[in-house]
2 protein chains.
Amino acid sequence: MKIAILGGTGHIGMGIALRIAMLGNEVIVGSRELEKANIKAREYRNILEQRGLEGDIIGMENGEAAREADISIFTIPYKYAYSTAESLRNFLRDKIVISPIVPMVKKGGFFLYDPPVEGSAAEKLASILTESKIVSALQTIPAKKFADLDAKFEWDVPVCSNDEDAKRITMKLIDRMEKLRALDAGPLVVSRLIESITPLLLNLMLQNKIKSLGVKFL
Amino acid sequence: MKIAILGGTGHIGMGIALRIAMLGNEVIVGSRELEKANIKAREYRNILEQRGLEGDIIGMENGEAAREADISIFTIPYKYAYSTAESLRNFLRDKIVISPIVPMVKKGGFFLYDPPVEGSAAEKLASILTESKIVSALQTIPAKKFADLDAKFEWDVPVCSNDEDAKRITMKLIDRMEKLRALDAGPLVVSRLIESITPLLLNLMLQNKIKSLGVKFL
């Protein structure tokens with residue numbers, strides 16, 4: 001499977017790119033700038049090479065990446081996510097699009113969830129990409145730690161979607177990544193509950209002076 | 001410390017009553033009906049006695065319980081929580097009131113968070129009990145499993161409040177209960193993020209056929 005990580009040049013994109021490439025998938029790192037995408041793709045390949053691993057990771061401009069891929073992961077900051085979605089609409093038709101987007105505000109030093117009128121970022125994305133299969137997942141993965149291949153963790157990933165096949169494929173992909181467990185959370189309307197966890201994690205990290213926190217359901 | 005568990009005759013009240021009594025606290029089980037409160041208090045004492053443990057657990061009508069206690073835990077279903085709060089207002093003045101309340105709706109077979117206009121159940125409680133010290137906690141504890149003293153678990157309890165002292169006291173109480181870890185989540189406004197976890201847990205249980213799920217941040 002060809003998997004594009006749109007806006008995949010940040011920490012969360014890096015972790016996902018490395019770990020998905022390690023599974024033998026073709027990974028396309030997308031960016032607004034081809035140059036940046038290429039630099040990051042090379043950087044990610046080098047990280048895997050230094051570990052004696054091969055990784056099929058290439059860089060592309062976001063539009064090209066979306067067009068080429070079977071699955072696109074939308075790791076784009078929520079401020080630009082919706083306009084980017086509009087511009088990629090045609091390339092993403094009939095394909096799986098995974099939304100890890102979390103709209104947040106900081107008020108009085110604390111993070112709060114700031115959903116759009118659609119109810120959640122994933123539902124807003126679905127309202128724009130009406131012909132794509134939207135899956136909500138990966139919001140609660142601590143980006144920096146996930147990008148560190150030596151990091152120890154064990155996290156759960158709630159996944160929701162209105163498309164059962166797309167959900168199963170996404171869950172399988174997540175389950176194959178080491179130390180992640182995908183859990184079916186139901187239809188896309190549940191995304192607001194998943195997205196809400198991210199600002200809570202940030203507050204808990206802040207208040208308890210913990211560097212990174214993910215979540216486990218047990 | 002005298003701790004009242006208002007509406008403490010259900011599973012979540014039972015777990016809290018048993019485990020707080022085991023720590024050596026005086027526990028008052030509150031109910032709308034004194035008779036029911038007394039029956040449950042006796043039942044809880046018997047459970048502890050059968051384990052060779054002593055527990056100072058008595059029953060009272062909710063109003064009496066609130067008046068007697070230093071801390072009240074508001075384990076009342078959210079449909080009755082606010083009207084009960086109105087009626088207990090005077091008894092709870094200047095005292096710590098812990099809110100585990102979660103307003104939920106079930107739509108299309110799935111649970112969603114249904115907060116009041118105040119933003120969360122805890123904030124609505126605070127808007128009624130203006131002279132009490134409201135602490136939000138214990139929403140994500142699976143009630144039945146928590147009531148089973150043989151159950152194995154390890155859960156985190158995010159705690160938030162606008163009153164730092166009340167928050168510290170509540171966190172200490174929770175930390176003293178075996179296998180629970182209290183985590184400071186910030187001010188009361190964060191309660192909406194904590195309360196949101198409960199419907200997500202219910203959906204995850206439902207979709208993945210798991211009997212009970214709590215949460216751990218790691």
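A:Lys179 sits in the loop between α7 (164–176) and β10 of chain A, where helices (H or I, at least four residues) and strands (E, at least two) are DSSP runs numbered from the N terminus. Although A:Lys179 is not a glycine, its phi is positive, about 70°. With a relative accessible area of 49%, this lysine is partly exposed; buried means under 20% relative accessible area, exposed over 50%, and partly exposed in between, with a 1.4 Å probe and protein chains only. The model is a predicted one, in which local features need pLDDT of at least 70 and side-chain atom pairs count only at pLDDT 80 or more, while totals for chains, interfaces and linings use all residues. Residues are numbered from 1 along each chain as its sequence is written, chains are lettered from A and ligands numbered from 1 in the order in which they are written, and side-chain values use heavy atoms, with hydrogens and water left out.

Two further loops of chain A deserve a look. A:Leu138, in the loop between β8 (133–136) and α6, also has a positive phi without being a glycine, near 75°. A:Leu138 counts as buried, at 4% relative accessibility. A:Asp150 belongs to the loop between α6 (143–147) and β9 (155–161) and counts as exposed at 53% relative accessibility. Its side chain makes a polar contact with the side chain of A:Arg51 at 2.6 Å. Such a contact is a pair of N or O atoms within 3.5 Å; within protein, one must be able to donate a hydrogen and the other to accept it, and residues adjacent in sequence count only if both atoms are side-chain atoms.

The strands of chain A come next. An open sheet of 8 strands runs in the order β3-β2-β1-β4-β5-β8-β9-β10, with mixed pairing; two strands pair if DSSP finds at least two bridges between them. At the edges stand β3 (57–61) and β10 (180–186), each with a single partner strand, so one side of each lacks a neighbour in the sheet. Strand β1 (residues 2–6) runs parallel to β2 (residues 26–31), and 4 bridges join them. Within this pair, A:Ile5 stands opposite A:Val29.

In chain B, B:Thr75 lies in the loop between β4 (71–74) and α4 (78–88) and is buried, with a relative accessible area of 9%. A polar atom of the B:Thr75 side chain lies 2.7 Å from the backbone oxygen of B:Leu6, and the backbone oxygen of B:Gly7 is 3.2 Å from a polar atom of that side chain. Beyond neighbours within four places in sequence, the contacts of B:Thr75 (heavy atoms within 4.5 Å) include B:Ile12, B:Gly13, B:Ile16 and B:Pro100. Two of these residues, B:Gly13 and B:Ile16, are among the buried residues of α1(B). Helix α1 (residues 11–21) is mostly covered, with 9 of its 11 residues buried.

Helix α9 (residues 197–208) of chain B has 12 residues. Its buried residues include B:Ile197, B:Pro199, B:Leu204 and B:Met205. B:Lys209 follows this helix, with a positive phi near 50°.

Finally, the two chains can be compared.

Definitions and conventions. The expected span of a helix is 1.5 Å times one less than its number of residues.
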